[in-house]
Amino acid sequence: MAVGNNKSHKILIVDDEPFNCRILKLKFENAGYNVITGSNGEEGLSKFMVECPDVVISDIRMPKMNGYEMCKCIKEVSNGRPYLTIVITSTVEKRERSFVNDIENAIILEKPISPGHMLTIVADYLNKSTFE
Amino acid sequence: MRITEILKPLQEMNPLSSLFHKSNGAPNLTTEISLKEILDFTDKSLLEEDNLGEIISKQKLTNKLLAYNLNKFETVLDNLNDGLIVLDSSTRILAINHIMEQLLNLKRDDIKGKHIRECNSDNKIFTFILENFETINKLVEKTEEMSVGASNLRVSYKTLIRSDGNPCGTILLAKDITSHKLTEQGIVEFLSHVSHEVKTPLNTIKSYTEMLIDTNNRETILEFCNIVNGEVDRLASLINNLLQLSRIEMGSVTLSLTMTKTKEFIENAFKIAISQKKRDIKYEIILPDKISPVNIDKEFMGIALINLIGNAIKYTPEHGRVTLRVEENQEEGKIIIHVIDTGIGISEEDIPQVFEKFYRSSDERVRDKPGHGLGLSITKQIVDLHDGEIKVISKKGEGSQFSIILPISESYFLE
């Protein structure tokens, strides 16, 4: 992957598990993306408002504000600006997954995830949105 | 006296008779009334004035028999565990049992004989009946779950069919499924927690091993391997805790109670707990000169005590202090084991929930430490199995004191 091309794209990773946050940050930074992180929904929301990322990668179960609430708030504050949402979940429960249907450009990935697979999804979305 | 006048009180006494009126010559009413004793109202000879005395005496007897049978019938209905209401083909209430009275929050005497539209009650059960009643000419059998007040109900509506095949009313049964729902909800939450707790370390293991493939830096490789190793330990500890918890909750645990020397048992548990976590903390153990033995399962009580000491060490910052103090209250026949730390403490709102399965405080200082929120739940269950008690006193930022209170067998009191 051409490292230099991705610098302009920002990725926000929100996860209360520092190990997961760190490895995804490393993967996306190695691919040349500008990565910002948050350890809970509240932090994720405030970083989204300040940094205006192109991609939001979030866990669901988090302290203070969970991923479900954060995604709803982000949708409200985004004012229709396009962004990709990737929700990482450990549950197979429909109730916890269905909210993703209400968000445009959102996908749900079940743990354990592959950082390489996630990188491909992000790259595909950003390439597509750049050409559109 | 007219026959209709004689019949009227009978019908009022047994409104269900309007559902099961005579067809093909035999009464369908399921009662034990002897046919010989009941008036045959088709017998024209009874209409003669001379027979009035006989009619009245037979009517009295019939009334008694019907009242007896009706009473039996209502007793049966009132002893059902489910709510029940029976309506005729115009939604007139013919019978209602005690549980349904409570569910509707209406008094039986106020509504019996009335059409449900006249009852001035907009409860969900009546609405459900009216929605389905539009199709009284059809045979309806429908079940729906609804919440009425604090209860979750499974309500079954069924058209009553007479022996000639025609619909003649409705029977509605309401089963309280609140506890069933709570259990179901508990199972869903438990599975959701387990799924999260299992998949999170799995996720880390998968991500880091995948990244290891692209890493050449020896330091990074070492670091990643350590992370993977730690997550495998975390998974193993979760599985151990879950197995212990399920054994206890399934009731398959049989305690091997033995009279145990309290001092040795406590000192041993303390040593094990300290050796598992190497920290720069001051440890202290305060025991009375003499302690009565306790009747415990050493293996399980050891798990409980090591959990408490382990937590105290985990949440106490460097240079802090963890104290184990034991006291005996001979008057109350109890041995009390206090595990006291100078750690981060527990907030007031967290205290009532610390023994709940999977509960972990949202405090970042707690989240920073590995854990599944199962240790205290297991500890409490083990103490409960020993007819003991566990208590916690804590203040955020000032430390915690967990106390296990165990009964002493009377025969083992110290002289």
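This report describes selected features of chains A and B in a predicted model.

## Sheet of chain B

Chain B holds an open sheet of 5 strands with mixed pairing, in the order β7-β9-β10-β12-β11. Its edges are formed by β7 (282–286) and β11 (389–395), each of which pairs on one side only. On average, neighbouring strands are turned by 15 degrees against each other, direction ignored.

Helix α8 (residues 262–276) of chain B packs on this sheet and touches β7, β9 (321–329) and β10 (334–341). The direction of α8(B) makes about 165 degrees with that of β9(B). Helix α9 (residues 298–314) of chain B lies across β9, β10 and β12, and runs at about 25 degrees to β10(B).

Glu389(B) has Ile405(B) of β12(B) as its bridge partner.

## Helix α6 of chain B

Helix α6 of chain B covers residues 178–213, 36 residues in total. From first to last C-alpha it reaches 52 Å, close to the 52 Å expected at 1.5 Å a residue. The buried residues of α6(B) include Glu197(B), Pro201(B), Ile205(B) and Tyr208(B).

## Backbone features in loops

Asn79(A) lies in the loop between α3 (67–77) and β4 (84–89) of chain A, and Asp387(B) in the loop between α11 (375–385) and β11 of chain B. Asn79(A) is exposed because 6 other C-beta atoms lie within 10 Å; Asp387(B) is exposed, with 10.

A cis peptide bond, with omega about 0 degrees, joins Lys111(A) and Pro112(A). Pro112(A) is in the loop between β5 (106–110) and α5 (115–131) of chain A.

Methods
Residues are numbered from 1 along each chain as its sequence is written. Chains are lettered from A and ligands numbered from 1 in the order in which they are written. This is a predicted model: local features need pLDDT of at least 70, side-chain atom pairs count only at pLDDT 80 or more; totals for chains, interfaces and linings use all residues. Helices (H or I, at least four residues) and strands (E, at least two) are DSSP runs, numbered from the N terminus. The expected span of a helix is 1.5 Å times one less than its number of residues. A residue is buried if 20 or more other C-beta atoms lie within 10 Å of its own, exposed if 12 or fewer, and partly exposed in between; C-beta atoms are placed from the backbone. Two strands pair if DSSP finds at least two bridges between them. Axes are lines fitted to C-alpha atoms, for helices over the stretch in contact, and angles run from 0 to 180 degrees between N-to-C directions. Two residues are in contact if their C-beta atoms, placed from the backbone, lie within 7 Å.
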